[in-house]
Amino acid sequence: MKNQGKAPELDVEDRCLKCGLNCICVIRAVGACVEFNGNLVLDDVTFSVGKGVLSALVGPNAGGKSTLFNAIAGIQDIVHGSIFVNGRSPKDSKGSISYIPQRENVNWRFSLTGQEVVDLGLVKNNSLLGFSRKASLEKVRSALERVDMWDYKDQLISEMSGGQRQRVFIARALCQEANILLLDEAFSGVDVASQFGLIDMLRELKDQGKTILIATHDLNTLADRFDEVICLNRHVCAQGSPDTAFTPAVLEELYGSHPGMFLDHSLGHHHD
Amino acid sequence: MINIILEPFQYDFMLRALFVSSMVGIICPILGAYVVIRGMGFMGDAMAHAVMPGIVIALILGLSPFLGSVPMAIVVAVSVGYLIHKKNVSVDTAVGVMFAGLFSFGLVLMSLVGDLTVSVEDILLGQILGVSKVDMLISFVLTVLVLVALVTFHKQLIFSGFDPVGSVVAGLNAGALNYMFLILLGISIVVTLHVVGVVLVVGLLITPAAASQMVMRRFTRAMLLGIIFGLFSTVTGLYVSYYFDLPSGPVMTLISFAIFLCCAIYERFFSQTQTSHLM
């Protein structure tokens, strides 16, 4: 049943399911299923994301967000359905995606500076010795400057704040020159002010053509900063603009019997 | 003073011992830096024990122990890697199973054969003064091999250790890198075995690296300081064992332990470096 790697080639110009002729579909999942030990972790997942769109993948913990990211990135096989990235199977699309991990998946005991972390973005299997020292430094410097972190280049990443770490990882993604950024739980451990700074920076990147998908279990104050949200609890409950996607029925499906707490939960307006 | 430094090396066996000890002093802290940060200390200890059958078989055949222990180290490394990656067995379990099983097999084999030129004690505690010219040459080639591989794949190893998922998405072959690392670790352990023996390998592998990471914040710089600590431990240990007629392996390990204690005291009272993750 596994069909990754066998997916037929699609035209890159293949249009987004949702937008018709208005945007190019960069990520498309059609009926994708992932199974662990006989349990469906992702069940018939269907959605699409267009080029230059900033999307939030919202859902409860254990709702399959990281699994879906892994499937999009080509490191998790799907047992049914299809996923296309830039019109190709995920495994054929490595290099076009940059993955920014959630905090728990990083070994912080590696004492690396911000500059060293960004430099890792230039490492690839097929270029053992990498770029020349000067060219590497220029790329790293440019990436760090784009995220306003050049002044912190010599600081250890383990000693940075949550928001600064995310910026460094985004700079690494820029070095990788991928057109798709997947950020797993990007706002975890990031204070509210830094969350706004981060999202504004990501909006600038999406305006430059990057397609950005951020997984989070709780959008709260940031919903209106996204172009669209994809609500996931093992399957896609809804996809659309933040204004329209979060209906009571969808919130009930995402978070169970207490969805009211997520309604109107914005800065200075806590559902009173 | 010059005489004290040069006197031991009027003997060929001491020159060979110095050469192999220096090799060990260089590669152990480099590999050890990754081992400490990845929390794989037990893996190093277990691999040292698990190559025992290879050493015994080589001795039975009248060959250099290297010729048995190197292939055995590679078999152990690949087997452990296979159990972890393909069979979803935890690292501790995979290493524990291989360690106990193969070490026991080596001891039983040695007991069955009985009449070997090397005693169990030599294997367990090392026999640095018995290093032959062939052993010296093999340890040099193996050390160069390990160093070339580590320099070439330095960034890849850091990337896959620091951010395993991100590195795979970026296109690195994490499985191949892990197998390569385990094989390099196995080879380094085999070289170290001759110096300090099966029991104390882990001491030279992780102690200089752990000590350097206490006082040096950046990973690569800590690795370089670890080499200084490692070389100091092995070379000084050789002198001390010569002049005080002590077993060289335990003395080297003891010196690296003393360095570790000094670094711990320095870190506690004089440094701003926070290294609680190493404790």
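Helices and strands are runs assigned by DSSP, a helix having at least four residues and a strand at least two, and they are numbered from the N terminus. The model described here is predicted.

**Chain A**

- Chain A contains seven helices and 11 strands.
- Of the 272 residues in chain A, 43% are buried.
- Among the contacts in chain A with a separation of 6 or more, 67% join residues 24 or more positions apart.

- Most residues other than glycine have a negative phi.
- A:Asn86 is not a glycine, yet its phi is positive, at about 50°.
- A:Asn86 counts as buried because it has 21 C-beta neighbours inside 10 Å, where the cut-off for a buried residue is 20 or more.
- A:Arg234 is likewise not a glycine and has a positive phi, of about 70°.
- The loop that holds A:Arg234 runs between strand 8 (228–233) and strand 9 (235–240) of chain A.
- A:Arg234 has 22 C-beta neighbours inside 10 Å and therefore counts as buried.

**Contact between the chains**

- Chain A contributes 23 residues to the contact, and chain B contributes 22 residues.
- On the side of chain A that touches chain B, 12 residues are nonpolar, eight are polar and three are charged.

**The nonpolar core**

- In soluble globular proteins, nonpolar side chains tend to be buried together.
- The largest nonpolar core in this model has 169 residues.
- The residues with the most contacts inside this core are A:Ala171 and A:Leu182 from chain A, together with B:Met47, B:Val51, B:Ala73, B:Val76 and B:Val201 from chain B.
- Helix 11 (residues 174–215) of chain B supplies the largest share of this core, 24 residues.
- Apart from its neighbours within four places in sequence, B:Ala73 is in contact with B:Met47, B:Val51, B:Gly186, B:Ile187, B:Ile189 and B:Val190.

**Helix 4 and helix 5 of chain B**

- Helix 4 (residues 52–60) and helix 5 (residues 65–85) of chain B pack at an angle of about 150°, and their axes are 7 Å apart.
- Helix 4 of chain B is therefore roughly antiparallel to helix 5 of chain B, since angles over 145 degrees count as roughly antiparallel.
- The two helices, helix 4 and helix 5 of chain B, cross in a right-handed sense.
- From helix 4 of chain B, residues including B:Ile55, B:Ala58 and B:Leu59 take part in the contact, and helix 5 of chain B brings residues including B:Leu67, B:Pro71 and B:Met72.
- The contact of helix 4 with helix 5 of chain B comprises nine nonpolar residues, three polar residues and no charged residues.

**Surroundings of helix 4 of chain B**

- In helix 4 of chain B, the buried residues are B:Met52, B:Pro53, B:Gly54, B:Ile55, B:Val56 and B:Ala58.
- These buried residues pack against helix 3 (41–50), helix 5, helix 6 (91–113), helix 7 (120–125) and helix 11 of chain B.
- B:Gly62 follows helix 4 of chain B and has a positive phi, near 75°.

**Helix 2 and helix 11 of chain B**

- Helix 2 (residues 12–37) and helix 11 of chain B cross at roughly 65°, and their axes come within 6 Å.
- The crossing of helix 2 and helix 11 of chain B is right-handed.
- By class, the contact of helix 2 with helix 11 of chain B has 22 nonpolar, seven polar and no charged residues.

Methods. Residues are numbered from 1 along each chain as its sequence is written. Chains are lettered from A and ligands numbered from 1 in the order in which they are written. This is a predicted model: local features need pLDDT of at least 70, side-chain atom pairs count only at pLDDT 80 or more; totals for chains, interfaces and linings use all residues. Two residues are in contact if their C-beta atoms, placed from the backbone, lie within 7 Å. Ala, Val, Leu, Ile, Met, Phe, Trp, Tyr, Cys and Pro count as nonpolar, Asp, Glu, Lys and Arg as charged, and the others, Gly among them, as polar. A nonpolar core is a set of buried Ala, Val, Leu, Ile, Met, Phe, Trp, Tyr and Cys residues joined through C-beta atoms within 7 Å. A residue is buried if 20 or more other C-beta atoms lie within 10 Å of its own, exposed if 12 or fewer, and partly exposed in between; C-beta atoms are placed from the backbone. Axes are lines fitted to C-alpha atoms, for helices over the stretch in contact, and angles run from 0 to 180 degrees between N-to-C directions. Angles under 35 degrees count as roughly parallel, over 145 as roughly antiparallel, 65 to 115 as roughly perpendicular and the rest as oblique. A crossing is left-handed if the near helix is turned anticlockwise from the far one by less than a right angle, and right-handed if clockwise.
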